[in-house]
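Some terms used for protein structures rest on a cut-off or a rule. The questions below take a few of them in turn.

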Amino acid sequence: MLDVRAGSLHLHVLASKLLDDGFEGRTALLSPFDRLVHDRVRTEDLFDFEYTLEMYKPAAKRRWGYFALPILHGDRLVGKLDAAADHKASVLRVNAIHEDVRFTRAMAAAVRKEIDDLAVWLGLAVER
């Protein structure tokens, strides 16, 4: 339903319509600058997901890696990927996958597929 009031455009979507359409989430590796995680305090409050971009921290003080990528699975932030693209060696080196929740087999497979897709996009082979 579309509702226009005083020059403003308000879009109302019935919740039942969204549920009837059958939302299907997917797994995705997010940029540390993605709007979903950009406001770290809000992200922790809403999703109980602690995240800090650690590239400016000394290596010994990093928990998740230099440029860890948040992992979205369905509608939840479930972990972080610590990986580095080594273009000289033509590999995407996976240093660690940090599971904030225990991954099911399906989640682990979906994360591996996203890593493989990222490597293909970068023109690199995956090194685990």
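**Strands and salt bridges**

In this predicted model, Leu92 has Val126 in E7 as its bridge partner. The chain passes from E6 to E7 by way of helix H4 (residues 105-122).

Q: What makes E6 and strand E7 (residues 125-127) a pair?
A: Two strands pair if at least two bridges are found between them. E6 and E7 have three bridges, in the parallel sense, so they meet the rule.

Q: Why is the β-α-β crossover from E6 through helix H4 to E7 called right-handed?
A: With the strands pointing away from the viewer, a right-handed path from the first strand over the helix to the second runs clockwise. The crossover from E6 through H4 to E7 is right-handed, so its path runs clockwise in that view.

Q: How do you know that strand E5 (residues 76-86) and strand E6 (residues 91-99) are joined?
A: Eight bridges join E5 to E6, and the rule asks for at least two, so the two strands count as paired. They run antiparallel, and Ala83 stands opposite Val94 in E6. Their hairpin has four residues between the strands, and Ser90 takes a positive phi near 60 degrees there.

Q: What makes the contact of Asp100 and Lys80 a salt bridge?
A: The cut-off is a Lys or Arg side-chain nitrogen within 4 Å of a carboxyl oxygen of Asp or Glu. The N to O distance for Asp100 and Lys80 is 2.5 Å, so the pair qualifies.

Q: Why does Asp100 count as partly exposed?
A: Partly exposed lies between the 20% limit for buried and the 50% limit for exposed. Asp100 has 37% relative accessibility, so it counts as partly exposed.

Q: How do you know that Arg93 and Glu127 form a salt bridge?
A: Their N to O distance is 2.7 Å, and the limit is 4 Å, so the pair counts as a salt bridge. Arg93 lies in strand E6 and Glu127 in strand E7, so the pair ties together parts 34 residues apart in sequence.

Q: What makes Asp86, Arg93 and Glu127 one network?
A: Salt bridges that share partners join these residues. Asp86 and Arg93 meet at 3.3 Å, N to O, and Arg93 also meets Glu127.

Note on methods
Residues are numbered from 1 along each chain as its sequence is written. This is a predicted model: local features need pLDDT of at least 70, side-chain atom pairs count only at pLDDT 80 or more; totals for chains, interfaces and linings use all residues. Side-chain values use heavy atoms; hydrogens and water are left out. Helices (H or I, at least four residues) and strands (E, at least two) are DSSP runs, numbered from the N terminus. Buried means under 20% relative accessible area, exposed over 50%, partly exposed in between (1.4 Å probe, protein chains only).
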